[in-house]
Amino acid sequence: MKATWHEFQVSAIYKGDKGAGWATERLPENYNRHIVTVRNTQTGTATRFDYWTSMAQPDMRSTKDALLAFLAFVDDALAGEQGFDEFAREFGYEKPSEAYRAWHGCVLAHKKLGRILGGRDRYELANALRELDA
């Protein structure tokens, strides 16, 4: 699946080879892993991240699906701007170890997003991507 939106090219490749890691008694492990690559065509910079689709719809069927994966990544990156305690409170984590693992992933997403932004404001990017889902 590929999508071009403004200066970003988003491509997703289905791998299905790795569980998402958030399985519980009520939620089985999800193996619908995609590797998503986002390239800024103006700067030539790129980053990639793992993304899991739902178990009901394992494949990305449209360019909108690829762009919504990009939005999820951007939202994670924005959450990575928060301090650990604020993050844990906002997302309702009770176990510090679970909160730290999620927060650390968001911090890494924040760094990755910073590499591909060029001159674009991250909040404006998030808002513009959210309009696609409206």
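The exercises below, each with a worked solution, concern a predicted model.

**Exercise 1.** Describe the order and pairing of the strands in the open sheet, and state which strands lie at its edges.

*Solution.* Begin with the general idea that strands of a sheet pair through backbone hydrogen bonds, either parallel or antiparallel. In this model the open sheet has four strands in the order β1-β2-β3-β4, and their pairing is antiparallel. Next, look for strands that pair on one side only, which are the edge strands: these are β1, residues 2-5, and β4, residues 46-52. Finally, consider how neighbouring strands are turned against each other, which on average amounts to 20 degrees when direction is ignored.

**Exercise 2.** Find what packs on the sheet, and then work out which residues of β1 lie on its covered face and which on its uncovered face.

*Solution.* The element that packs on the sheet is helix α1, residues 63-79, which touches β1, β2, β3 and β4. The direction of α1 makes about 100 degrees with that of β4. Turning to β1, one finds Ala3 and Trp5 on the covered face, whereas Lys2 and Thr4 belong to the uncovered one.

**Exercise 3.** Trace how β1 is joined to β2, and examine His6 in the loop between them.

*Solution.* First, the two strands run antiparallel, and four bridges join β1 to β2, which covers residues 8-14. Third, His6 has a positive phi of about 50 degrees, although it is not a glycine.

**Exercise 4.** Characterise the largest pocket by its space, its lining residues and the elements that supply them.

*Solution.* Rolling a probe the size of a water molecule over the atoms shows where empty space is left. For the largest pocket, this space comes to about 1,000 Å³. The pocket is lined by 27 residues, of which Ala20, Trp22, Trp52, Asp76 and Ala102 are the closest to its centre. Sorting the lining by class gives 16 nonpolar, four polar and seven charged residues. By element, β4, α1, α2 (84-91) and α3 (96-116) each supply at least two residues, and α3 gives the most, with eight.

Terms used: Residues are numbered from 1 along each chain as its sequence is written. This is a predicted model: local features need pLDDT of at least 70, side-chain atom pairs count only at pLDDT 80 or more; totals for chains, interfaces and linings use all residues. Side-chain values use heavy atoms; hydrogens and water are left out. Two strands pair if DSSP finds at least two bridges between them. Axes are lines fitted to C-alpha atoms, for helices over the stretch in contact, and angles run from 0 to 180 degrees between N-to-C directions. Contact means heavy atoms within 4.5 Å. On a 1 Å grid over the protein atoms alone, a cavity is a set of points where a 1.4 Å probe fits but cannot get out, and a pocket is an open set with protein on both sides within 12 Å along at least five of seven lines; lining residues have an atom within 4 Å of a point. Grid points are joined across faces, edges and corners, and a volume is the space filled by probe spheres set on the points. Ala, Val, Leu, Ile, Met, Phe, Trp, Tyr, Cys and Pro count as nonpolar, Asp, Glu, Lys and Arg as charged, and the others, Gly among them, as polar. Buried means under 20% relative accessible area, exposed over 50%, partly exposed in between (1.4 Å probe, protein chains only).
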